[in-house]
Amino acid sequence: MKKKCFLAIFLASVMALAACESSKPEDPRGSFEGEDEKTTPTEKPAEPAVPTVEDDRPTDPAGDTSNGFFAPYFARGDVENNGDYFVRVGDLVWYRELLPENLAAGATFGEFLYTEEEHRSSKLCCYDLNKGFWEEVCDVTGRGELYACPKGIYINAEGIEETDLIDPETGEQTKYCDGMPLGISPSGELLAVERWGGQVAETVLVKDGKDVLALSGENLYYECCGFAGETMIVLVHDESEEHDWRILAVTEDGEQTELGTTGTSESTSWPKVEQFLTKSDGSIALSIAYYEGTGNFLADWKLVEADPRVAGSVEETADLAEFEASHFSGEEAVEAPRIWENGIGAIEYNEYVPGDLHVNEGNLLRVDQTWGGWPVLNGYFGPKEDGHTSILQRGVILRDTAFVIYADVAEDADYDIGWRPGYRMEKLVMNAIPFGEEFLNNDGEPENVHVLFSADGDVWHGTSEELEGKWKLIRYENEGYVGDAIAEGMETFFTVYSDGSATMEEKGYNDAGREELFTTTLRRLDGGRAGMVVWEGTNRFGSISYEVVGVENGELELSATFYYDDGTPAGNETWYKRVD
């Protein structure tokens, strides 16, 4: 796979932008428009309005980019939150617009990020922390988190089959290696990926696009927990054992150090590594949870620490009983605690850690050192009607800016699983909220909520392959009237080709009153919001466009909009049945 696009630079003036985009719907990206009840500034800051990536390039001798676009930042350790949806490299935060079309229409608990597929390309973007501006960089195909490295950004592509490398300078996306990315070392030189060969999963270390180490075995799974420097820490799941799991430190030259085991647990489930930390002294800490039942209930939890350089150094330093006794007065905990390293090098644990974002009664809060909720923005989620709410999908603070992904949702029993509630997505929003002193208003609240991306969730979620073929009109709806196309003898066909184009064929009468087959050639649009399936063309009456509403029960539903020669619009909904 090889895609190429070029760095998108916003125009300097609003007038030039308006002239260029006059035919497209208004887009909040790159503007300061607020969302619903959120605050909106009265005017833009002074030019330059939008940073380019080059603005953040180091100019000192240590800033040589010949070894990679991000190489200087890795050299000085100026990379944060790598392997997530928002990754800071220097003063720029890199993220990808998440399209509702690539997510499930509904999800249990309203957790949508885990449902992503790569049906449609999206935009790779960057946000300047100093200036509060952002821009689209290029189109990318892939899903999941981003992994920055000296030469660019890795992304999972082609399902779970491969990892691609994106060059942020040129926008070029090329295959880097087989497998799905799992983790990356602090230098960005070592990438851990997962591959499947038959029924056996491999955990592979890749460097410079080449395999340097592969871990696998029958009834074994080597889970990459993270990296301590350039050493990968692995939890070995062994189906032949119960309750006790090995922890290894593995170097790129194949040296394996047995650090110890997780210790026995009353739970019979596989352990889940909720958090991995490398401490300031080079030792490691793992928060390990055990979940059971269809409700995924927390059954056990352990905090284990080790020195990755010393065999047999694993030590269990806390467990679920201690957590519940110290934080819940002996009551049962629902979720595993979060862990962090305090100022004297010790690991602490609580429901939240300092710097975490969470929502309480519609207010977006940042946890402080006393575990209190310091408001980033009160009233972030406005009041909702019964059955409607907003669910935080991801939130992180990078420097003094909160980056948030949330979904507006509605309760929907179609997505319930037993007692677990399901929700249908109504809207997906990505925000940046700078709350540094220079970005606050007179009341001490953030001046702006930057809408990085916002899109309705009520969209078609299928693939282009589902549309290919010939479809016959079976019914239509026009201004409340529903017509039976078959009973009325209508011969209308909509054909979608593998290159994305389409034709509309319909029998009608020409000016001479004779019956004739009229064919309209339609081209698929790349404009509008990325991912929408829209065709446009010109028939005998004027211009026409078709948008896919969905494919359900073998029927293709299209929404048609007509513009007659005098500019008068009209429209209808049409349903087709496949005939090829």
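Which buried residue has no salt bridge, and how far away is the nearest side chain of opposite charge?

D300 is buried yet lacks a salt bridge; K302, the nearest side chain of opposite charge, is 4.5 Å away. Buried means under 20% relative accessible area, exposed over 50%, partly exposed in between (1.4 Å probe, protein chains only). A salt bridge needs a side-chain nitrogen of Lys or Arg within 4 Å of a carboxyl oxygen of Asp or Glu. For charge, Lys and Arg count as positive and Asp and Glu as negative; His and the chain ends are not counted.

D300 sits in strand β22 (residues 297-306). Strands are DSSP runs (E, at least two residues), numbered from the N terminus.

## Basis

This is a predicted model: local features need pLDDT of at least 70, side-chain atom pairs count only at pLDDT 80 or more, and totals for chains, interfaces and linings use all residues. Residues are numbered from 1 along each chain as its sequence is written, and side-chain values use heavy atoms, leaving out hydrogens and water.

## Salt bridges

The whole structure holds 21 salt bridges. R195 and D211 form one of them, at 2.7 Å, N to O. R195 lies in strand β13 (residues 191-197) and D211 in strand β15 (residues 210-215), so the pair ties together parts 16 residues apart in sequence. R195 is buried at 16% relative accessible area. D211 is partly exposed at 46%.

R338 pairs with D356, with closest N and O atoms 2.8 Å apart. R338 is in strand β24 (residues 338-341), and D356 is in the loop between β25 (347-350) and β26 (357-360). R338 is partly exposed at 29%, whereas D356 is buried at 12%.

How values were computed
Helices (H or I, at least four residues) and strands (E, at least two) are DSSP runs, numbered from the N terminus.
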